[in-house]
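Got a minute to go through some labels and ask what stands behind each one?

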Amino acid sequence: MIDIIAANVTGLGASQLVLSLLPKLEQFGATKIGVIWLPDRGLLSEYSSTSHNRTKIYRRSLPNFLSRFLESNLIAGQVYGGSDSLILGDIPLRKKGRQTVFIQNTFLIPGTPDLSATNYFRNKLLRANFRKNLKYADQIIVQTEVMADNLVRHYPQLSDRISIVRQPPPAWVMAELSAGEDFQSFSGKLKLFYPSAGYSHKNHILLQHALQSGECQDIVDEIVVTLSREEYQNLSSPIRTVGRLNDEGMIKAYRQADALLFPSLTESYGLPLVEAMFLGLPIVCADLPYARTLCGDEAIYFDPRSTGSLREALRVLHDRLSDGWQVDWSDALKLFPKDWDEVAAAMLRV
């Protein structure tokens, strides 16, 4: 029997992956699931288990970072006991029992770019806590070879404890694939979609500098971003803020886009890249290892710190679509599990 600890998973992308994973873990007959620990906020707090007595909510009264530090160190044993655990929240817990830790936080890697001074000090403390608690982790699961290599380079004691388990897109994307709807045809000017939260490393400022001076107005109709006007007041046409979208809104935005635009400076995985590939959408993205390892040679890449490089990449996309080009992700998709049953089986084997 194992417990599943997801009490720290509150980010939108991570929550969507865990929501797709949990039902499959519960249905897997070879391993019995004990308690499933959930956060007190976000999408995951609403998860409904197949067993009514199985889930518990971990309630936080302190700011999340301080609460997580106490939880992973001083009170871990009191809260979670000594059972074997699959931890879906990045940090090993100072408690008894075997632990397998699923890591999605790229800021555990020293030197990961972030433009916020506050986050710089918080991430240093996060890494120190991670390093101190590594002795409690029997196995580590990551999503890509790039993340595995980075962890081993900075935490060499993990070299024989890391397994790579990629994931397909969330369940709502997998359901959309069975619908078989087509994208709208290219109208002559680019409609682009960038789904992300308003973190500084998501690099929205590049879009502002590259496109709001009137550059590319002859080829770009609009760029839809999932920020509210309050989150990023400096963004203006052709950038359109639509706020956070639900599953139906995301599908609609993907279906109305000519391509995914993804300038993020760092990702442990890059879930929108996976979503776009499975949906058959072209991708214009940062020329960084996290993107290369997922998209291979089929994406159109640009330097994420260069406005000129981004503009050139958009012109390449425009010229290709004008000539009737269609992206082919078939080779890249061979490296992904076919469904979430396969992911659950792989994680439980680890």
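Met347 sits in helix H13, which spans residues 340–349. Keep in mind that this is a predicted model.

Q: Why is Met347 called buried?
A: Its relative accessibility comes out at 3%, and the label applies under 20%. So Met347 counts as buried.

Q: Which residues is Met347 in contact with, leaving aside neighbours within four places in sequence?
A: Those are Leu21, Phe102, Ile141, Val165 and Gln167. To be on that list, heavy atoms have to come within 4.5 Å.

Q: What makes Ser196 buried?
A: Ser196 is found in the loop between strand E8 (190–194) and helix H7 (204–211). Its relative accessible area is 9%, and the cut-off for buried is under 20%, so Ser196 gets the label.

Q: How do you know that the side chains of Ser196 and His204 are joined by a polar contact?
A: The pair is 3.0 Å apart, and the limit for such N or O pairs is within 3.5 Å. His204 also turns up among the residues in contact with Ser196, along with Lys202, Thr226 and Leu227.

Q: What makes Asp221 and Lys191 a salt bridge?
A: Their N to O distance is 2.4 Å, and the criterion is within 4 Å. Asp221 lies in strand E9 (residues 220–225) and Lys191 in strand E8, so the pair ties together parts 30 residues apart in sequence.

Q: Why is Asp221 called partly exposed?
A: Its relative accessibility is 34%. Buried would need under 20% and exposed over 50%, so Asp221 counts as partly exposed.

Q: What does the salt bridge of Glu222 with Arg240 look like?
A: The closest N and O atoms are 2.9 Å apart. Glu222 lies in strand E9 and Arg240 in strand E10 (residues 239–241), so this pair ties together parts 18 residues apart in sequence. Arg240 is partly exposed, at 38%.

Q: How many salt bridges does the structure hold?
A: There are 15.

Notes. Residues numbered from 1 in each chain as written. Predicted model: local features only at pLDDT ≥ 70, side-chain atom pairs only at ≥ 80, totals over all residues. Heavy atoms only, no water. Helix = DSSP H or I, 4+ residues; strand = E, 2+ residues; numbered from the N terminus. Buried < 20%, exposed > 50% of the residue type's maximum accessible area, 1.4 Å probe, protein only. Polar contact = N/O pair within 3.5 Å; in protein donor to acceptor, adjacent residues only side chain to side chain. Salt bridge = Lys/Arg side-chain N within 4 Å of Asp/Glu carboxyl O.
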